[in-house]
Amino acid sequence: MNRQRSWTDIITVAELETGDVTPVRLGSRDLAVYDSVDGIFVSLARCTHGAANLCDGYFDGKYIECPLHQGLFDARTGEAKALPARRNLRMIEARVRDGVVQVLV
């Protein structure tokens with residue numbers, strides 16, 4: 001069965017924690033919305049190493065550090081940058097339209 005993907009509103013830009021990571025729930029999924037120095041990016045919120053919520057981690061505008069074991073990810077690409085994180089984050093395609101962050105689902 002071929003499902004058509006569509007853009008879905010998840011949060012307004014005004015609701016984002018400026019320069020930080022904001023948690024958003026979409027259906028049964030927890031997302032992390034990063035207000036990075038390079039734009040808005042979205043990933044699944046769970047660390048690929050220990051399943052901690054990355055929204056509780058330290059974000060410097062480019063990198064998100066897991067609050068549990070300090071694994072590090074590039075919030076723009078999802079790339080694992082420091083051990084113990086080895087698997088990349090699952091990034092969700094996102095865009096901003098009319099002041100609203102949307103994801104492709």
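Trainee: Which residue lies over the face of Tyr63?

Mentor: First, the ground rules: this is a predicted model, where local features need pLDDT of at least 70, side-chain atom pairs count only at pLDDT 80 or more, and totals for chains, interfaces and linings use all residues. Residues are numbered from 1 along each chain as its sequence is written, and side-chain values use heavy atoms, with hydrogens and water left out. A charge sits over a ring if NZ of Lys or CZ of Arg is within 6 Å of the ring centre and within 35 degrees of the ring normal. At 5.9 Å from the ring centre of Tyr63, the residue is Arg76.

Trainee: Which residues are linked with Arg25 in a network of salt bridges?

Mentor: The whole structure holds five salt bridges. In one of them, Arg25 and Asp30 bring their closest N and O atoms to 2.7 Å. Arg25 is exposed, because its relative accessible area is 53%, while Asp30 is partly exposed at 26%. The residues networked with Arg25 are Asp30 and Arg46.

Trainee: How far apart are the ring centres of Tyr34 and Phe59?

Mentor: Rings of Phe, Tyr and Trp (its six-membered ring) pair if their centres lie within 6.5 Å; planes under 30 degrees apart count as stacked, over 60 as edge-to-face and the rest as tilted. A search of the whole structure finds one aromatic pair. Tyr34 and Phe59 form it, with 45 degrees between the planes, a tilted pair, and the centres are apart by 5.5 Å.

Trainee: Why does Tyr34 count as buried?

Mentor: Tyr34 is in strand β3 (residues 29-36), and Phe59, 25 residues apart, is in strand β5 (residues 58-59). Strands here are DSSP runs (E, at least two residues), and helices are DSSP runs too (H or I, at least four), numbered from the N terminus. Phe59 is buried because its relative accessibility is 7%. Tyr34 is buried because its value is 0%.

Trainee: Which residue in the turn between β2 and β3 has a positive phi?

Mentor: Two strands pair if DSSP finds at least two bridges between them. Strand β2 (residues 21-26) and β3 run antiparallel, joined by six bridges. Leu26 stands opposite Arg29. The hairpin has two residues between its strands, and the one with a phi of about 65 degrees is Gly27.

Trainee: In β11, which residue is the bridge partner of Ile11?

Mentor: An open sheet of three strands has the order β1-β11-β10, paired antiparallel. Its edge strands are β1 (7-12) and β10 (94-97). Five bridges hold β1 to strand β11 (residues 100-104). The bridge partner of Ile11 is Val101.

Technical notes. Buried < 20%, exposed > 50% of the residue type's maximum accessible area, 1.4 Å probe, protein only. Salt bridge = Lys/Arg side-chain N within 4 Å of Asp/Glu carboxyl O.
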